[in-house]
Amino acid sequence: QVQLVESGGGLVQPGGSLRLSCTASRRTFSSYAMGWFRQAPGKEREFVAAISRGGGSTDYADSVKGRFTISRDNAKNTAYLQMNSLKPEDTAVYYCAARGFTGEYLYWGQGTQVTVSS
C-alpha cells in the first residue's frame, strides 16, 4: 500500500504559476511510474501528465504541453507538476497517482484544488 499526499494547490490569476507536489509514504516510490490527473466540476477525470520510474520519459495531454512540466525526486519520494501560463480552464482538483507494472494506476492521492481566476 502506498499513500500519496498532494500539496501546492491554491488560487492563482490567469498567466500565473503553481507547483504541485505529491509525496509518497513508502521508500518503494521509485518502483512506480507516476501520473497527474485532474477533474473539473461536472466533468470526468482526465489525464494531465505522467513520468516513468526513473524520470527519463514523460508524457503530456495536448492541452498542457509546453505549459506544464512533470518531474520527480526519488530520493525525496516526491513527484512534482510545475504549471505555468495557467488558464481558467485549468481550474480543477488535481490528483497524483502511482502506476504499477500492469499499467494500471493503483494508488491515488486525495487531490488538491487549483483555481485560476482573476
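In which loop is the place of Ser52? Select Ser52: this residue lies in the loop between β5 and β6 (58-60), where strands are DSSP runs of E of at least two residues, helices are runs of H or I of at least four residues, and both are numbered from the N terminus.

Before going further, kindly note that the model is predicted, that local features need pLDDT of at least 70, that side-chain atom pairs count only at pLDDT 80 or more, and that totals for chains, interfaces and linings use all residues. Residues are numbered from 1 along each chain as its sequence is written, and side-chain values use heavy atoms, with hydrogens and water left out.

**Ser52 and its surroundings**

With Ser52 still selected, colour by accessibility. Ser52 has a relative accessibility of 23% and therefore counts as partly exposed; buried means under 20% relative accessible area, exposed over 50%, and partly exposed in between, with a 1.4 Å probe and protein chains only. Now display its partners: apart from residues up to four places away in sequence, Ser52 touches Ala33, Ser57 and Arg72, a contact being heavy atoms within 4.5 Å. Next, draw a distance to Arg67, which is 15 residues apart from Ser52 along the chain; the two C-alpha atoms are separated by 19 Å.

**The whole chain**

Zoom out to the cartoon view. The protein chain has zero helices and eleven strands. Its C-alpha trace spans about 40 × 25 × 25 Å along the principal axes. Of the 118 residues, 45% are buried.

**The nonpolar core**

Select Leu4, Met34, Trp36, Leu81, Met83 and Tyr94. These are the residues with the most contacts inside the largest nonpolar core, which has 31 residues; such a core is a set of buried Ala, Val, Leu, Ile, Met, Phe, Trp, Tyr and Cys residues joined through side-chain atoms within 4.5 Å. At least two residues of this core come from each of β3 (18-24), β4 (33-39), β5 (46-51), β7, β8, β9 and β11 (112-116).

Leaving aside neighbours within four places in sequence, its contacts include Leu18, Leu20, Trp36, Val48, Phe68, Ile70 and Tyr94.

**Gly10 in strand β2**

Move to Gly10, which is placed in strand β2 (residues 10-12). Gly10 is partly exposed, with a relative accessible area of 24%. Neighbours within four places in sequence aside, Gly10 is in contact with Leu18, Gln113, Val114 and Thr115. A line from the C-alpha atom of Gly10 to that of Leu20, ten residues apart along the chain, covers 9.6 Å.

Most residues other than glycine have a negative phi. Asn77 is buried, because its relative accessible area is 14%.

Continue to Ser85, in the loop between β8 and β9 (92-99). Ser85 also has a positive phi, of about 50°, although it is not a glycine. Is Ser85 buried or partly exposed? With a relative accessible area of 40%, Ser85 is partly exposed.
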